[in-house]
Amino acid sequence: MEFELDEQQRDFAASIDAALGAADLPGAVRAWSAGDLAPGRKVWEQLADLGVTALAVPEKFDGIDAHPVDLVVALERLGRWCVPGPVAESIAVAPILLVDDERSVGLASGELIATVALPPHMPRAVDADAAGLVLLATDKDVTEAQVGERHASVDPSRRLYDLTATGNAWQADVKRAFEFGALATAAQLVGATEALLNGAVDYAKQRSQFGRVIGSYQAIKHKLADVHIAVELARPLVYGAALSLESRDVSAAKAAASEAALLAARASLQTHGAIGFTQEHDLSLWLLRVQALRSAWGTPEAHRRRVLEAL
């Protein structure tokens, strides 16, 4: 399958790249991990100015009510730049759970950041300490939630919290919200794969071994070519899922994007060598983010199981 974005969508992606490329995202991610949310919130303000936070919000609440494909365009770029915070939860999931709620105005403007737990696939909420609204969804309804115990994550910039339901419950399309969470996470993984691949290619042109740049070795070329093929196979599945929103298609996209990102992480680490293991190198931020997003909103195994059950 081939999907061609229109000129407006390409310009939208380019505007996100331009803004985030000038924003020192590695510094913001490291600060977020250390508990300093200010640089990350400035990034979210930029996303709001670009309309990213309003994409899934209905027009009656000052949102854009954009097509899911436009949402995927944006989320892929956010994955490319490793944006900190509850990206999928606030931008893609919360607007569905608050579809008739005036609090969506805050989501659209970016003044309100939300996070969501949806057991069993998302049993804990990401960055609940940084969110102005914390939601707990079940198969039937949604409630606001009280933040409980904090748990460590493989990615220190993604803090996980237990939640306890508080207040009155309301009805929402929780199934659709889950599909959007998985789709948004898959899009981020595609963007992260692209970032890892580009970084590995650039480094392979610079690093020398045995008197030659390592990018000239066939083994390295083949390894990076495998990553390129994997992401080019995953990306159409993600955009196809955005068009259909069928559970089978969303799960196929999430599984493929997860595997492409893992392959990219391994190839990038092998290309960089020992320096890739260090926390000081920016590569570590993407490596940890990929590991965290692979299991977020359903593990690859869970999504492959859904595909199998749908066949």
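The legends below describe close-up views of a predicted model.

Local features need pLDDT of at least 70 and side-chain atom pairs count only at pLDDT 80 or more, while totals for chains, interfaces and linings use all residues. Residues are numbered from 1 along each chain as its sequence is written, and side-chain values use heavy atoms, with hydrogens and water left out.

**View 1. The aromatic pair of Phe178 and Trp297.** Rings of Phe, Tyr and Trp (its six-membered ring) pair if their centres lie within 6.5 Å; planes under 30 degrees apart count as stacked, over 60 as edge-to-face and the rest as tilted. By this rule the count is 1 aromatic pair. Phe178 and Trp297 are tilted, with 6.0 Å from centre to centre and 50° between the planes. Phe178 belongs to helix H7 (residues 174–204), and Trp297, 119 residues apart, to the loop between helix H10 (283–295) and helix H11 (300–310). Helices are DSSP runs (H or I, at least four residues), numbered from the N terminus. Phe178 counts as buried because its relative accessibility is 8%; for Trp297, also buried, the relative accessible area is 0%. Buried means under 20% relative accessible area (1.4 Å probe, protein chains only).

**View 2. Arg80 over the face of Trp81.** Arg80 lies 4.2 Å from the ring centre of Trp81. A charge sits over a ring if CZ of Arg or NZ of Lys is within 6 Å of the ring centre and within 35 degrees of the ring normal.

**View 3. Helix H2 (residues 25–33) and its ends.** Leu25, Pro26, Ala28, Val29, Ala31 and Trp32 of H2 are buried. Their cover includes helix H1 (7–21), helix H3 (38–50) and H10. At the N-terminal end, Asp24 caps H2, with a side-chain oxygen 3.2 Å from the backbone nitrogen of Gly27. Gly35, which follows H2, has a positive phi near 95°.

Conventions:
Helix = DSSP H or I, 4+ residues; strand = E, 2+ residues; numbered from the N terminus. Buried < 20%, exposed > 50% of the residue type's maximum accessible area, 1.4 Å probe, protein only. Contact = heavy atoms within 4.5 Å. Polar contact = N/O pair within 3.5 Å; in protein donor to acceptor, adjacent residues only side chain to side chain.
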